[in-house]
Amino acid sequence: MKMKLLATLGAAVLAVGLAAGPALAQQKTSGFKLMMTPKWTGFPYFELTGEGAKAAATELGDTLIYAGADHAEVSLQVETLQNFVTQKPDGIILAAIDGNAVAPVLKQARAKGIVVGTYDADAAVAGRDMFVNQLSYEQAARVMLDAALIDAPEGGEIAFIAASPTSPNHVAHMKIMTELSKTEAKYKVFSVVDTQYAGDDDAKSYDVAVNLMQAHPKLKVIISSSAVSAPAAARAIEATGHVGKVWATGFALPSAIKRYLENGSQKAFAFWDPWELGYVAAYAVHQKLAGKFDPKEGAVLDVPKAGKFKTFKDAEVVYGKPLIFTKETVGKYNF
Amino acid sequence: MSTSAKRQLPLWEMALVVAILAAGAWSSTLSPYYLSVDQLFGSTRAFIIPGLLALGLAVVVSLGEIDISLASIIAVGTVALSKLSAAGVPFAVAAPIVVAIGALCGAFNGLLVAKWRLPSLAVTLGTMGAFRGLAFIAGSEVGYTDFDDVYLWLGSDYVFGGVVPVSLILFALAAAGVWFLMHRTGYGRRCFSIGLNPDAAWFAGVDVVGVKIRAYALAGALAGAAALVWVGQYGSARGDNADGSILFVVTAVVLGGMDINGGRGTLSGVVLALFLLGTIRNGLGLANVGGPTQTVVLGGLLVAGVLRPAAAAAIARLSRPAKTREARAQGE
């Protein structure tokens, strides 16, 4: 069986080599089978990461299958990953719902020689070969404060809405933003007055935003790392007649906040390009499979169409290209 | 129970068996990876946790009641197990404690439903949130992963040449136990009689309150056992464990032929329905069919399960009009 497989593989490589002309490569460099699962399917953000990954796979001569459950439930994600492993892919790309719960099945995949890359949300380090991180925590903190400066150049009181006190990236963002507001000249105009939690829930975020505005009459900016809470805060500001007095910012999909930017009730929100994030994640896994990229600290991933990305500790490849949307630029984005 | 009902139920189970075989054949055409012993046994792990919940729910449904808080009891169980693990308690001691905590949560539901005669849907909707909130407060979203290997064995290991999951054996034992309880003991008969007519059962001397509380406690205990499997399978305990799995559980129970109004149904039907749903999900999953399609299929089967008794009755009326109605009236 193994011999037969090798023979077929050899013949395929030979055929490709003969057809393409150049000398035969020692290692397989193309035609990989990649499988990708987001936290859940159907959400525009994740669909775009899937499209980006598919585009990379097509360019590189790989096939990519994108599948997953329609709601973020970890047991379904593990089932999807188990099904992936059964289908013997070369690489798996995922955004983990619970980084620890997916670790057993990912370790099993890696033991079979499958290259595992996470993006958007990481899995336990032992479960994956690399993590393509959209923004480092500090980048995220800085870009949100920069957006807040566009809203309120004169500074003032700011308050945070996070998902929960245990949501790792939100908590890290808030910590760094608080520090920056005390230490860095540019951001010293801000003072943090409150932190509330809304569990990535639209209605709760709205209520929390209303409460924040009542509790802090001098509040200037509400900042949230949650792409659910930030638009909800914008809606609350408009509905309670605080337009021009209080601003909302943070991470939000352009489609969710376009309205507020265009009608002038808000000035700036931040995000990154999910399409390109997916593109880079698939590119990174491909390069690792092809033996052209080893995600060690300091290694650089060269993606001709997107840029060069540096690798940090624990195989964390930082994509790190934040975007700020304003009234002028928001129309350019279709997600 | 009327003779027509007796004849009707095995027929449904036969239909489920045929459907499982058909789904298996269909799955093998969907994916070349489907037909392998490792894969087939391995895939059962995906529905053992909802399966344990379905066994307990079937008992509750036989009474004409419902319990949608079971998935939240799993979260209470996993978080409790994580605390016991952190305290260095041996698994042999921790496991029964977690099952007992599950039983207590269930008994609390049962007390509210039976003693204070509150509607079970409202009660368990409330405790669904309350139990999960409790799990979140105690366990947090970050969760606990530092489990000893002994804690993981039940949910992660395989026996018989590394093919059969340990959890599948646990499920088989639980299914056999609940089947025996419901179809071979007086307790099971009392459950079905309460489901058919609680007042008649009470007049006949059945301790309706006690039977109900015990049924809810059993369902809770099985959810506690499911929590043990969860920890083994995923190695992670946190407040959002098993959130959102209740649709699958209710579908299995209803599709298995349990009358949602109580009084009728078999445990073998529920187990067969679990295998049918598992086979369909396994096949669709290996064919990389998207989540929304799977949810539609699941919802469709739930509706089919609910419509089944009505459809069967309609067909019976058409074929033997007067006689059947008489027989049913006498039977009830």
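What share of the 335 residues of chain A count as buried? The answer is 51%, where buried takes 20 or more other C-beta atoms (placed from the backbone) within 10 Å of a residue's own. Keep in mind that this is a predicted model, with local features needing pLDDT of at least 70, side-chain atom pairs counting only at pLDDT 80 or more, and totals for chains, interfaces and linings using all residues. Residues are numbered from 1 along each chain as its sequence is written, while chains are lettered from A and ligands numbered from 1 in the order in which they are written.

**View 1. Chain A as a whole.** Here are 10 helices and 14 strands, taken as DSSP runs (helices H or I, at least four residues; strands E, at least two) numbered from the N terminus. The C-alpha trace of chain A spans about 75 × 40 × 35 Å along its principal axes.

**View 2. Where chain A meets chain B.** Chain A puts 26 residues into the contact and chain B puts in 25; a contact means C-beta atoms, placed from the backbone, within 7 Å. On the chain A side, α3 (74-86) and α4 (103-111) are the elements giving two or more residues. The top contributor there is α3(A), with 7 residues.

**View 3. Helix α11 of chain B.** Just past α11(B), B:Gly235 adopts a positive phi of about 60 degrees.

How values were computed
Contact = placed C-beta atoms within 7 Å. Buried ≥ 20, exposed ≤ 12 C-beta atoms within 10 Å, placed from the backbone.
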